[in-house]
Every structure is written in C-alpha cells, then in structure tokens.
Amino acid sequence: MQTVSETKIYGGTQGFYSHTAKSTQCEMQFSVFVPAGEGPFPVVWYLSGLTCTAENATTKAGFQRVAAELGLIVVCPDTSPRGDSVPDDDAYDFGQGAGFYVNATEAPWSEHFHMYDYIVSELPRVIAANFPVDENRQAITGHSMGGHGALTIGFRNPDRYASMSAFSPIVSPMNCPWGEKALGGYMGPDKTKWADHDACALAKKVTRQFDDILVDQGTADNFLEGQLKPHLFEQACSEAGQKLTLRMRPGYDHSYYFIASFIEDHLRFHAARLGT
C-alpha cells in the first residue's frame, strides 16, 4: 500500500492510498478516515455511484465530523478498475467509473472488472493490515450504484455487516436501464445470474435478516421513476418480512447535497448497531 496523502481533520486523519489489486489487476485508489485514538475502531464502508472515484464522498459528503465523534473508520473505495490497460466505454454508465460491484464474466471486462471480490475480499484484507479496524464490527452504505452495491453485498454477507443503509439506491438492476445494460454487459444474458446482484431478489431469499435497513430517497431525484424505483424494494422487503425504513425526502435530488444532508443520520444508525 502506498500513501498518496494524509490530512488532519477533526482530530483524526483523512488519507488517500493506492495499491496494486490482484482481483482487478490494476492500481486501485481508496480513501480512509481514521478518528483520533488508539482503536481498534468499527468500520463503515461507503460505496459510491456512477462516474465517482474515491474522492467524491470523501470531499463532498461531510462524514468526517460525525465519524470522529462516533469513533468510526470510514472507507471509500473507487467504483471500478482504472488505467490505460483497462477496457472502457464511451458511455458514463458502463466501463470505468461504473463497475456495479459485480464480477464480470464477459470479455473484455472479465480480466479486470471483479469489483465484488475486490470489495468483499481483497480490500478488507488491505484495510485490516494497515489500519486499526475492528473486523468484527463492520457496516456498509452507499449511493445510487453504490447503494445497489451496499444492499446486495450486505444481503449476501450478513455475518460480515452489523447493518446496512443506502442513499437513492438502484434497488432492482434487473428492472431498470442502468442495471440491464451493466449486468447484461458484464455478466451476459442469463438473468438467473443477475438475481444475485439484485437487492429486491435477494431480500426474498436471504437466510438472515437485518433488524432494520435505512434508505433515504429524494422526491426531486431525476432518476427516481426510471432507474431507482424504491417502491420495488419496499414491496420486496414487505413480502420477505424484512424491516425497512424508507424515508422519501421532499425536494431533494440525486446530488451530494442530498447525501451531506443525511449522512449524519446514517452514521448514527450504524453506530448504534456497531456498539459505539
């Protein structure tokens, strides 16, 4: 692991780092906020959305003040493999910046686009080896494509995460243009494979449920009806008996202004379940 930069903030340290990842076969960057003190600290994983890097949430979400107060490490990974050797697409919603937190099986994406393995297996090992984290206390959240990642990874690894939440998540990529394009392009036409990366499908078949899931969604979000469709997740959770707190926020859009307005609520939601 290489240190790109470290800056003191609210008594803690906000750092940017890089490493050569085996799962994505390229150099990956990520950010880590570490509060003041000895640790070990519980960790909250924040997964970003389309077009984002590790910088977006780190510089725009404003989580550091509350994370410092609560004694939380916050990790912000990148959203995809990157580099001249990594394939890309001209569209913003596919290729670099749009990894969708899945393992690609279709050429040319299958060589590098293993974001599920990177988030679930490889990056946690790097974080545990280099930062004072309590691996037994972890939570996950994210925005838009990252909200999709947080919900699907959380459902598939319920013993790993004490809690999960999301901002404006893509709750059913099997039933929206963004998801159909990404899952089809990365994983091929077999939709039975897509279901493992669809929060609505997973809610109905998981073996262990969370005590609650927190989702915030703005009513002025341009992507609300065509891409995000939170009512589908509300219905799936209801049918599965999974408690969901879905808060429709009047007038809020899809931007980081929305995330910054409610990130404190999400960190406190996780802290209560992480025992801080």
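Q: Which residues does threonine 245 touch, not counting residues up to four places away in sequence?

A: A contact here means heavy atoms within 4.5 Å. By that rule, threonine 245 touches Asp212, Ile213, Leu214 and Val215. Before we go on, keep in mind that this is a predicted model, in which local features need pLDDT of at least 70, side-chain atom pairs count only at pLDDT 80 or more, and totals for chains, interfaces and linings use all residues. Residues are numbered from 1 along each chain as its sequence is written, and side-chain values use heavy atoms, with hydrogens and water left out.

Q: Where is threonine 245 found?

A: Helices (H or I, at least four residues) and strands (E, at least two) are DSSP runs, numbered from the N terminus. Threonine 245 belongs to strand E9, residues 245-249.

Q: How do I read accessibility, and what does threonine 245 count as?

A: Buried means under 20% relative accessible area, exposed means over 50%, and partly exposed is in between (1.4 Å probe, protein chains only). Threonine 245 has 26% relative accessibility, so it counts as partly exposed. You'll find histidine 266 in helix H10, residues 256-274. Leaving aside neighbours within four places in sequence, histidine 266 is in contact with Thr141, Ser165, Ala166, Phe167, Leu214, Asp216 and Arg247.

Q: How many aromatic pairs does a search of the whole structure find?

A: A pair of aromatic rings is described by the distance of the centres and the angle of the planes. Rings of Phe, Tyr and Trp (its six-membered ring) pair if their centres lie within 6.5 Å; planes under 30 degrees apart are stacked, over 60 edge-to-face, and the rest tilted. The search turns up 14 aromatic pairs. Take phenylalanine 94 and tryptophan 109: they are edge-to-face, at 4.8 Å centre to centre and 80° between the planes. Both lie in the loop between strand E5 (73-77) and helix H3 (115-130), so the pair ties together parts that are 15 residues apart in sequence. Phenylalanine 94 is buried at 5% relative accessibility, and tryptophan 109 is buried at 8%.

Q: What about the rings of tryptophan 178 and phenylalanine 223?

A: Their centres are 4.7 Å apart and their planes are at 45°, so this pair is tilted. Tryptophan 178 lies in helix H5 (residues 177-187) and phenylalanine 223 in the loop between strand E8 (214-218) and helix H8 (224-228), so the pair links parts 45 residues apart in sequence. Tryptophan 178 counts as buried at 3% relative accessibility, whereas phenylalanine 223 counts as partly exposed at 29%.

Q: Which arginine lies over the face of phenylalanine 269?

A: A charge sits over a ring if NZ of Lys or CZ of Arg is within 6 Å of the ring centre and within 35 degrees of the ring normal. Over phenylalanine 269 lies arginine 273, at 3.9 Å from the ring centre. Arginine 208 lies over the face of phenylalanine 210, at 5.9 Å from the ring centre.

Q: What does strand E4 pair with in the parallel sense over 6 bridges?

A: Two strands pair if DSSP finds at least two bridges between them. E4 pairs that way with strand E6, residues 133-142, and phenylalanine 41 stands opposite valine 133 in E6. E4 and E5 also run parallel, joined by 3 bridges, with tryptophan 45 opposite valine 75 in E5. Since 7 of the 7 residues of E4 (residues 41-47) are buried, this strand is largely enclosed by the rest of the structure.

Q: How many residues does the largest nonpolar core have?

A: In soluble globular proteins, nonpolar side chains tend to be buried together. A nonpolar core is a set of buried Ala, Val, Leu, Ile, Met, Phe, Trp, Tyr and Cys residues joined through side-chain atoms within 4.5 Å. The largest one has 66 residues, and those with the most contacts inside it are Phe155, Tyr186 and Phe233. H3 gives the largest share of this core, 8 residues. Apart from it lies another core of 23 residues, including Tyr46 and Cys76.
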